[in-house]
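Subject: Structure for you to look over

Dear colleague,

I am passing on the structure we spoke about, with the sequence alongside, and below it I have written out what was found. Please read the notes with the coordinates open.

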Protein chains: 2
Amino acid sequence: MIQSVTRALDILEFLKLNPGGLGVTEIAQKLDVAKSTAHRLLASLEEQDYVQKTGKDSIYSLGLKFIEMAEVVTENLKIVDIARPLIEKLSRDTGEIVHLVMLDGNEVLYIDKVENASTIRIYSQIGRRGPLYCTGVGKAILAYLPEDEVDQLLAGVTMQPFTEYTLTTPEELKQEFQTIRANAFAYDNEEHERGIRCVAAPIFDHTQKSRYAISITGPITRMSDDILREYIPWTKETALAISRKMGFNPPKS
Amino acid sequence: MIQSVTRALDILEFLKLNPGGLGVTEIAQKLDVAKSTAHRLLASLEEQDYVQKTGKDSIYSLGLKFIEMAEVVTENLKIVDIARPLIEKLSRDTGEIVHLVMLDGNEVLYIDKVENASTIRIYSQIGRRGPLYCTGVGKAILAYLPEDEVDQLLAGVTMQPFTEYTLTTPEELKQEFQTIRANAFAYDNEEHERGIRCVAAPIFDHTQKSRYAISITGPITRMSDDILREYIPWTKETALAISRKMGFNPPKS
DNA sequence: AATGATGTTCCGTATTAAGGAACGAGATAA
DNA sequence: TTATCTCGTTCCTTAATACGGAACATCATT
């Protein structure tokens, strides 16, 4: 165990027990280290917002970073449970596979899947990862993310053409994002895999951010334009219902 | 800035962006350090539950510790705002000073105060600290804490007698806790300061823990037994109302 | 069975973080 | 006001410590 890290984490523990905050000297005593050491540890923690210093008197207390981090942790625990019954219904109503995905690095991570018994088996699996730029779910998420974040996510990726329909430049993509935002759903027209189409809609959490999405996926033989038109509102409604349960408050329009 | 601490916190940042988790090798690459270094950092973080390792495949992801920490942070932001209007009313109804306190280390920290204009000035101030064992608020909080936690808190304190009424042994205190729990409020009969009496009630949060309390404080000349009997239900009701707004679900009895 | 990729452990070295002391800033008291 | 404390911050030297490389173990893939 590395000493300085352990000590830094110990400080956080002390601050948890003293929500009113502690001074450098007090912390140094509790840790049984020199004041300068405690000070250096605190400076490192403060730099990344794990602790904050009240201007006056240099009293250190737990920082807002923890709220950020906890959101990620709790939502990942909640989302699958919340979404389960709703995506099951969607799958039953359509007879197609429904996926629940999460933004993970610069990919989407498939965190749940419901597959109707009658469906022809399509290879897909929980834990699988997929690209953002050429999947319905990926585009649905990206379309609602702040532009600088989108740029950052796309920067780490080469937009390789999986099929002749794959969009391969950020410009084309951003163009499509406007359509997606206007309609509140995203298509994937064989952009990732030949013969596979899907309809996807983003899920928002209580911070109004799109970090999840659902999609209905099926072979083009079954997913005709007419059928899709029917599925779209169902998908959107299901996504919105999940969003609400995640604490999302739709902006009044 | 301490290198190892900064690196450890950087890892947490990467994991936030990859809620699906990352392996040691991936993390080492992102950090640009040797695998062994990343591994050591992760082990230190894991030891304190900041990251967790899924048994299979050693994929590291953010740990449950963040939920714990965030609770402390958010509640301390919330409680004052939530409690304000309610303790204002209590002060108006009684004409006495009302305090809102928070458990902080092995003391109580006064985080808000409402003082009716007509009240004789009693020295008291936000930011002040007070002992747990001889204040109404302190005892109200302690009475509902798990016994091992109480022991730990009292261990770091010498129970000095402020007045002739001060309880000075843990045994006496624990005896009184039973009464407090039976009645759901705590008295302070000149135990901390001669001539000052108060009625206090604990506040519970959504984890069912008592980390806050309120009290009505006044000079013994005004705080007669008859008057107190009237104030008790008001105090309890106010505390319960605050608890509910903090997300507390009273156990069905 | 062999190869490759992963996570984990060990160890010598040099980087790095620790502690002490000096400094600065504020508060308190004479 | 000035002097004295206490606290936070900075600097610098030293040696403790965390680093990286390599070896090992485990597992999946071919």
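The two protein copies meet through the same surface, because 100% of the interface residues of chain A are also interface residues in chain B. Please keep in mind throughout that this is a predicted model. Chain A can be laid on chain B with an RMSD of 0.1 Å, by a turn of 179 degrees and a shift of 0.0 Å along the axis. The two copies are therefore related as by a two-fold rotation axis, and within chain A the C-alpha nearest that axis belongs to V5(A), at 2.6 Å from it.

V5(A) is also one of the buried residues of helix 1 of chain A, and the others there are S4(A), T6(A), A8(A), L9(A), I11(A), L12(A), L15(A) and K16(A).

Turning to the DNA, I begin with strand C. Two residues of chain B approach phosphate oxygens of DNA strand C: a backbone N or O atom of S4(B) lies 3.2 Å from one, while a polar side-chain atom of K53(B) lies 3.0 Å from one. An N or O atom in the side chain of S58(B), by contrast, is 3.0 Å from a sugar or linking oxygen of DNA strand C. The elements that give two or more residues to the surface near DNA strand C are helix 1 and helix 3 (35-47) of chain A, together with helix 1 (3-17), helix 2 (24-31) and helix 3 (35-47) of chain B.

For DNA strand D, the number of surrounding residues is 21, and the closest are Q3(A), T25(A), S36(B), T37(B) and R40(B). Here sugar and phosphate make up 68% of the atoms of DNA strand D that come within 4 Å of the protein. Helix 1, helix 2 (24-31) and helix 3 of chain A, with helix 1 and helix 3 of chain B, are the elements that give two or more residues to the surface near DNA strand D.

How many disulfides does the structure hold over all chains? The count is zero; C134(B) is in no disulfide, and the nearest cysteine sulfur, that of C198(B), is 10 Å away, whereas a disulfide would require the two sulfur atoms to be within 2.5 Å. C134(B) counts as buried because its relative accessibility is 0%, and C198(B) is likewise buried, with a relative accessible area of 6%.

K139(A) is found in helix 5 (residues 136-143) of chain A, and it counts as buried because its relative accessibility is 0%. Leaving aside neighbours within four places in sequence, K139(A) is in contact with L132(A), Y133(A), L173(A), E176(A), F177(A), I180(A), A186(A), Y187(A) and E191(A).

Finally, there are two backbone angles to point out. D32(A), in the loop between helix 2 and helix 3 of chain A, has a phi near 65 degrees, a positive value in a residue other than glycine, and at 69% relative accessibility it counts as exposed. Q208(B), in the loop between strand 7 (196-204) and strand 8 (210-219) of chain B, has a positive phi of about 70 degrees although it is not a glycine, and at 40% relative accessibility it counts as partly exposed.

Terms used: Residues are numbered from 1 along each chain as its sequence is written. Chains are lettered from A and ligands numbered from 1 in the order in which they are written. This is a predicted model: local features need pLDDT of at least 70, side-chain atom pairs count only at pLDDT 80 or more; totals for chains, interfaces and linings use all residues. Side-chain values use heavy atoms; hydrogens and water are left out. Buried means under 20% relative accessible area, exposed over 50%, partly exposed in between (1.4 Å probe, protein chains only). Helices (H or I, at least four residues) and strands (E, at least two) are DSSP runs, numbered from the N terminus. Copies are superposed by least squares on the C-alpha atoms of residues with pLDDT of at least 70 in both. Contact means heavy atoms within 4.5 Å. A polar contact is a pair of N or O atoms within 3.5 Å; within protein, one must be able to donate a hydrogen and the other to accept it, and residues adjacent in sequence count only if both atoms are side-chain atoms. A residue is near a molecule or strand if one of its heavy atoms lies within 4 Å of it.
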